[in-house]
Amino acid sequence: MSAAQRVVIIGWDCAPPQLVLDQWLSDMPNLKSLVDGGVAGRLRSCDPPITVPAWTCMMSSLNPGQLGFYGFRNRKPGSYDGWIANASAVKHPRVWDLLGLAGRRTCMINVPQTYPVKPVNGILVSSFLTPDTTCRYTYPDGLGAQLDTIADGYMIDVDGYRTGDKQWLLDEIYRMTDKRFKVSKALMQVEEWDFFMMVEMGPDRLGHGFWKYCDPAHPKYEAGNRFESAMYDYYLHLDEQLGEFIRLAGDNAAVLVVSDHGGKAMQGSFAMNDWLIEQGLLCLNQPIRERTRFTPEMVAWDRTTAWAWGGYYGHVFINVEGREPEGIVPQERYDEVREDLIARIEGIADDRGRVMANRVLRPEETYSGPHVKEAPDLMIYLDDLNWRVAQDVGNEALHTFDTEIGPDDSVHDYHGMIAGRVPGAKQLDLSGGAHLMDIAPTVLELLGEPIPRWMEGRSLL
Ligand SMILES: [Zn+2]
C-alpha cells in the first residue's frame, strides 16, 4: 500500500532550474516548504526539449520514437509538407488514462496535447493548440460555461505573445495565469479526484517575451530597464498560488512541481536554409533577396540535396530518391551524404567566427520504436541550443538577432525542474538523475497502481 492517497502535479511550462531553484528559492516560501519537506532538482527533458512532445513523453513515459512526433510540426512521410501534433496524434495511454481504467478520478487542466478532447474518468480542460474557447475544449462538454463564469471569461493562451508591446504582454500573461488558477482552485474543491494536474503556460510566454530584460548575460540586456524584475516578480506570484494549492491538496496528497524543459538566453538565430543554399545543397527556383517564409513550392527539388525547418532546434531532411516525391539522393549514398552534412553543420561558426558547440542528433541513436524512420534525418542543436534555427530564406546575413515570427528572447534548455514532497516515510530520490519519463511511473507507484512494463522511465520513489 502506498502512502499517498492523492497526487497533485503543478506544471510550470519552461520553468528554468538555474533561476527558480538556484537563485529565487529562498524568496519563494511555498516552493521552499515543499523542497524542505521533500526534494528538488533537475529534470532532464526529452529530445528535442520542446513542449510538444515533452509533456506527452512525461505523462506516457514513452520516447518520441514510440509516440511518432518530434515537435509541434512533423513531416508527412513521403512529402515536403507538415502536420501538427495535437491530441489526435497521441495513440498511447497517458497516466490519467491508466488511472481512469483503474477506477481513479482524474482532473487535468491545460496539459499540452489534450485537444481535441477525449473522454476521461473525471474532467479535462484542453490547452493551447485549441483553436479557441468556442470549440469543445472541455470534458464533459458543458464545463466550459462553468469556467467562463468562474473566471469571468476563461483564457487558454496569450494570442500573439511574440509582440513588441511588452506591457500589454505582461498584463495578458498575469490575466491568463490568474484565470487559470481561479478555475483550477475551484475545480480542485468541487470535484472528486485522486489525480489532479494543471499546467500553466505563463512561464514559457514570459521567458520568450522578457528574458533579455532580466538576464545580464543576454546579449540585448540593458541594466535598469523597466522590466528588469518581470520574471522574478512573476515567479513570486506563481509561488503564492502554489501555497493555496498545497493547502487545498491536504496532508495526504503528494505535490510535485515540474517543468517540461528549461530556458536560457537566445544568443542569435541562424538561417539554416540560406546556409544550405550557400553550401550548394538547396536550390530555389529563383533567387530570393528579402526575408521570405520558406515553402516547398519555392524549391527546385531536382537540384536539392537537403532542406531544413527551424525553431529552437533544426530539423534537416535529405531529398532521397524513392522516398521524397522528387528525391535525387540515391539510397546507397544516403549515409555518405548525411555524414558530410553532419561534418559541415558541426563546423558552423557564430557571427564572430567562433565554431559553436553544435550537436547533431541521428534519430536511430536517439530514439527507439516503430516511428524512428519518421524523424527528420538530422536534428540540430546549434551551440548547445543557445542559437535557434531560422528556416526563412533571403536573409541579409546568415546570423540574425531577431526571428521571422516576432520578438523572442529565449531558447529552450535540456533540463526542466522538479520539486516535490510525498506523504509518508518514503521520499523521492533524485540522486541518479531524473528524466521526465520518470514522472508517470512515479505517479502510479504513489497511488499504488501497477507500472506497465512498456513505460521507459522508472519510479523516483
Ligand atoms: Zn514547454
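Modeller: Strand E13 (residues 314-318) and strand E15 (residues 378-381) run antiparallel and are joined by three bridges. Two strands count as paired if DSSP finds at least two bridges between them. Helices (H or I, at least four residues) and strands (E, at least two) are DSSP runs, numbered from the N terminus. Histidine 315 stands opposite methionine 379 in E15.

A word on the basis. This is a predicted model, with residues numbered from 1 along each chain as its sequence is written. Local features need pLDDT of at least 70, side-chain atom pairs count only at pLDDT 80 or more, totals for chains, interfaces and linings use all residues, and side-chain values use heavy atoms, leaving out hydrogens and water.

Now widen the view. E13 and E15 belong to an open sheet of four strands, in the order E12-E13-E15-E14, with antiparallel pairing. Strand E12 (306-309) and strand E14 (359-361) stand at the edges. Each has a single partner strand, so one side of each is left without a neighbour in the sheet. From one strand to the next, the twist averages 25°. Strands of a sheet pair through backbone hydrogen bonds, either parallel or antiparallel.

Next comes the helix. Helix H11 (residues 334-346) lies across E12, E13, E14 and E15. H11 runs at about 150° to E13. Axes are lines fitted to C-alpha atoms, for helices over the stretch in contact, and angles run from 0 to 180 degrees between N-to-C directions. H11 has 13 residues and reaches 18 Å from its first C-alpha to its last. That is close to the 18 Å expected at 1.5 Å a residue, where the expected span is 1.5 Å times one less than the number of residues.

Which residues of H11 are buried? They are Tyr334, Val337, Arg338, Leu341, Ile342 and Ile345. Buried means under 20% relative accessible area, exposed over 50%, and partly exposed in between (1.4 Å probe, protein chains only). An α-helix has 3.6 residues a turn, so residues three or four places apart point the same way.

What covers the buried residues of H11? The cover includes strands E12, E13, E14 and E15. It also includes helix H10 (272-278) and helix H12 (363-366). Contact here means heavy atoms within 4.5 Å.
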